[in-house]
Amino acid sequence: MAESETSNIREPLPAPAKERRFSAQAIAELEEIASHYPERKAACLPALWIAQREYEGYLPPPAIQEVADRLGLSYAEVEGVATFYTMYNLRKRGRHHLEVCTCLTCAVKGAYEVVHRLEKELGIHVGQTTADGEFTLSEAECLDFCGAATVMQVGDKYFTQLTPENVKQVIDQLRNSADYTPTKLADSLVKLLIPGSSETGGGSFAPKDLVNPAGPML
Ligand code: FES
C-alpha cells in the first residue's frame with residue numbers, strides 16, 4: 001500500500017543508522033522506570049514516550065532504533081509496538097495536535113460540526129497539517145470525558161463543551177501559546193510514570209489541564 005501524506009501510518013523501514021538523542025535526564029528516567037519491571041522489554045511503552053519527547057514529538061526510525069538499543073530489543077520488536085498504538089506519532093505533527101473525539105456521545109453533541117468548522121478555520125482536512133506547521137487535525141476515539149462533549153485533546157490539555165461557535169477562540173488561544181504540545185504531552189506522561197515527579201500521579205488529569213471555552217462546566 002502506498003504511503004499517504006495525511007496518515008499516521010508509514011511503510012516499515014529498514015533499521016536506520018544509529019543516532020543518540022536521549023539526554024542524561026532521559027537516560028536516568030528510563031533506568032528508573034525500567035527498574036520497576038522484571039524485564040527491560042516491559043518498559044517499551046514508557047521508553048517510546050521518552051523518545052517521542054526527545055525526538056521533537058514523533059518517532060522517526062532513529063528514535064525506534066535508540067529505544068531498541070537501550071532496552072536490548074530488535075528494531076522490529078519496537079517498531080511493532082510503536083505502530084500498534086495511535087498515540088505514538090510516526091510522522092511529525094504540528095505545534096498543536098488537535099484530536100477531536102468523534103465517538104458516539106461527542107458525535108451526538110455535534111463533534112462533526114466542530115471538525116468541519118476547524119477544517120474551515122485552518123484550511124486543512126482531517127489528517128493534514130497547516131503549511132505553517134502550527135496545527136495538525138485528527139479525529140480521536142472516546143477521550144473518556146463524555147459528560148463534557150464535545151471534547152478535544154491538545155497535548156496534555158482537554159478542551160471541553162466545544163461548539164462550532166467557540167472553537168475559533170480555542171485556535172486563537174493556542175496560536176498565542178508558546179508550547180510545543182506533542183512534546184509537552186510526552187513529558188507529562190513520562191512524569192506520571194515516575195513516582196513523585198508529578199503533582200497528580202497515577203495517570204489522572206489535574207483540573208488545570210481542562211479548559212472549557214463554554215464557561216464553568218455544567
Ligand atoms: S464520546 Fe467523546 S469523550 Fe467519550
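This is a predicted model: local features need pLDDT of at least 70, side-chain atom pairs count only at pLDDT 80 or more; totals for chains, interfaces and linings use all residues.
I looked up Asp-144 and found that this residue is exposed, with 11 other C-beta atoms within 10 Å. Residues are numbered from 1 along each chain as its sequence is written.

I located Asp-144 in the loop between strand 2 and strand 3. Helices (H or I, at least four residues) and strands (E, at least two) are DSSP runs numbered from the N terminus. Phi of Asp-144 is near 65°, a positive value in a residue other than glycine. I then checked Thr-150, which belongs to the loop between strand 2 (135-140) and strand 3 (152-154). The peptide bond from Ala-149 to Thr-150 is cis, with omega near 0°.

Next I turned to Glu-56, in the loop between helix 2 and helix 3. Glu-56 is not a glycine, yet has a positive phi of about 60°. I recorded 16 C-beta neighbours inside 10 Å, so Glu-56 counts as partly exposed. Most residues other than glycine have a negative phi, and most peptide bonds are trans.

I examined helix 2 (residues 44-54) and helix 4 (residues 75-82), whose axes come within 10 Å and cross at roughly 80°. Axes are lines fitted to C-alpha atoms, for helices over the stretch in contact, and angles run from 0 to 180 degrees between N-to-C directions. Helix 2 is therefore roughly perpendicular to helix 4, a term for angles of 65 to 115 degrees. Cys-44, Leu-45 and Leu-48 of helix 2 make the contact with Val-78, Val-81 and Ala-82 of helix 4; two residues are in contact if their C-beta atoms, placed from the backbone, lie within 7 Å.

Finally I looked up the largest nonpolar core, which has 24 residues. A nonpolar core is a set of buried Ala, Val, Leu, Ile, Met, Phe, Trp, Tyr and Cys residues joined through C-beta atoms within 7 Å. Helix 2 gives the largest share of this core, six residues. Domain 1 (1-92) and domain 2 (96-211) both contribute residues, so the core lies between them; the domain bounds come from an automatic or database domain assignment.

Definitions and conventions
Angles under 35 degrees count as roughly parallel, over 145 as roughly antiparallel, 65 to 115 as roughly perpendicular and the rest as oblique. A residue is buried if 20 or more other C-beta atoms lie within 10 Å of its own, exposed if 12 or fewer, and partly exposed in between; C-beta atoms are placed from the backbone.
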